[in-house]
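This report describes the annotated segment, the chain interface and the pockets of the structure shown here.

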Amino acid sequence: MSLAKPVMRGLLGKRLRFHLPIAFALSFVAAIGFKYGVTEPRKQAYADFYKQYDAVKEFTAMKEAGVFESVRPSGE
Amino acid sequence: MLATRALRLVGKRAISTSVCVRGGHGVAKVEDYTLPAYFDRRENPLPDISYVQNLSPEQASLKEKEKGSWAALSDEEKIALYRISFKQSFAEMTQGSSEWKSVVGGMFFLIGFTGLVVLWQRKYVYGPVPHTFEAEYKEKELQRVLDMRMNPVEGFASKWDYENKQWKK
């Protein structure tokens with residue numbers, strides 16, 4: 001009944017050497033994924049929206065709908 | 001050195017407590033839970049006391065043999081000595097059980113029961129909802145949200161086609 005002596009030292013170091021590169025790689029992938037999956041499309045959506053935006057037209061439409069308190073629709 | 005001096009002080013105190021018997025009150029009864037206890041725990045591998053406190057004659061003779069060379073002990077004797085000191089081996093004490101199934105089952109059952117309680121509450125305890133939940137009110141609310149152009153870029157109003165007065169396909 002003579003077993004090999006179990007590993008007594010360097011357990012944390014071994015775990016870190018294994019897990020830290022994986023952790024960094026996955027975090028990096030998550031960040032890249034979020035940037036190109038979420039933020040870039042969002043920036044593009046805002047750019048496209050304001051390219052064709054007529055502020056006066058929108059304001060007049062909102063005024064006629066009656067949502068403002070300072071300016072009432074032209075009928076009243 | 002300090003330890004032996006401290007032990008001598010403790011010994012002196014023990015003598016004085018037994019002398020207190022003369023005072024007529026007696027020594028306090030030693031409760032079981034105040035004495036060192038045996039426990040099998042993975043994080044605390046060496047408990048305060050051995051498992052077997054009252055050795056049978058064979059166990060006593062085995063303990064005597066242990067004082068000699070350990071190479072002279074057979075495998076069964078070594079295991080017997082281990083079982084005198086410990087109740088369960090590490091493998092036995094750390095093995096899992098099926099208790100989690102009962103726990104999860106109980107959780108689901110109680111969550112389901114809570115659902116029934118909530119349904120009963122909704123019917124018999126709570127009063128009517130505010131008038132702002134009526135269908136007519138909700139229609140007016142929706143019209144106002146679209147008039148205000150709320151979140152026109154990526155959100156709610158962006159899904160409405162203002163030219164054709166309908167939801168975008």
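## Annotated segment of chain A

The UniProt record, an unreviewed entry, places the feature "transmembrane region" at residues 20-38 of chain A; such positions follow the numbering used here, feature names are shortened, and annotations may be inferred rather than shown by experiment. Over residues 20-38 of chain A, the chain is 100% helix and 0% strand, with the end C-alpha atoms 26 Å apart. Helices (H or I, at least four residues) and strands (E, at least two) are DSSP runs, numbered from the N terminus.

## Basis of the model

This is a predicted model, in which local features need pLDDT of at least 70 and side-chain atom pairs count only at pLDDT 80 or more, while totals for chains, interfaces and linings use all residues. Residues are numbered from 1 along each chain as its sequence is written, chains are lettered from A and ligands numbered from 1 in the order in which they are written, and side-chain values use heavy atoms, with hydrogens and water left out.

## Interface of chains A and B

Contact (heavy atoms within 4.5 Å) links 9 residues of chain B with 13 residues of chain A. The area buried between the two chains is about 960 Å², and carbon and sulfur atoms give 63% of that area. Buried area is the accessible area (1.4 Å probe) that two parts lose on being put together, summed over both. Arg149(B), Val153(B) and Glu154(B) supply 52% of what chain B buries against chain A, more than any other three residues.

The rule finds 2 salt bridges across this interface, a salt bridge being a side-chain nitrogen of Lys or Arg within 4 Å of a carboxyl oxygen of Asp or Glu. Glu154(B) forms a salt bridge with Arg42(A), and the closest N and O atoms are 3.2 Å apart.

## Largest pocket

The largest pocket has a volume of about 690 Å³. Of its 21 lining residues, the closest to the centre are Glu58(A), Arg149(B), Trp160(B), Tyr162(B) and Glu163(B). A pocket is an open set of points on a 1 Å grid over the protein atoms alone, where a 1.4 Å probe fits, with protein on both sides within 12 Å along at least five of seven lines; lining residues have an atom within 4 Å of a point. A volume is the space filled by probe spheres set on the points, which are joined across faces, edges and corners.

The largest share of this lining, 4 residues, comes from α2(A).
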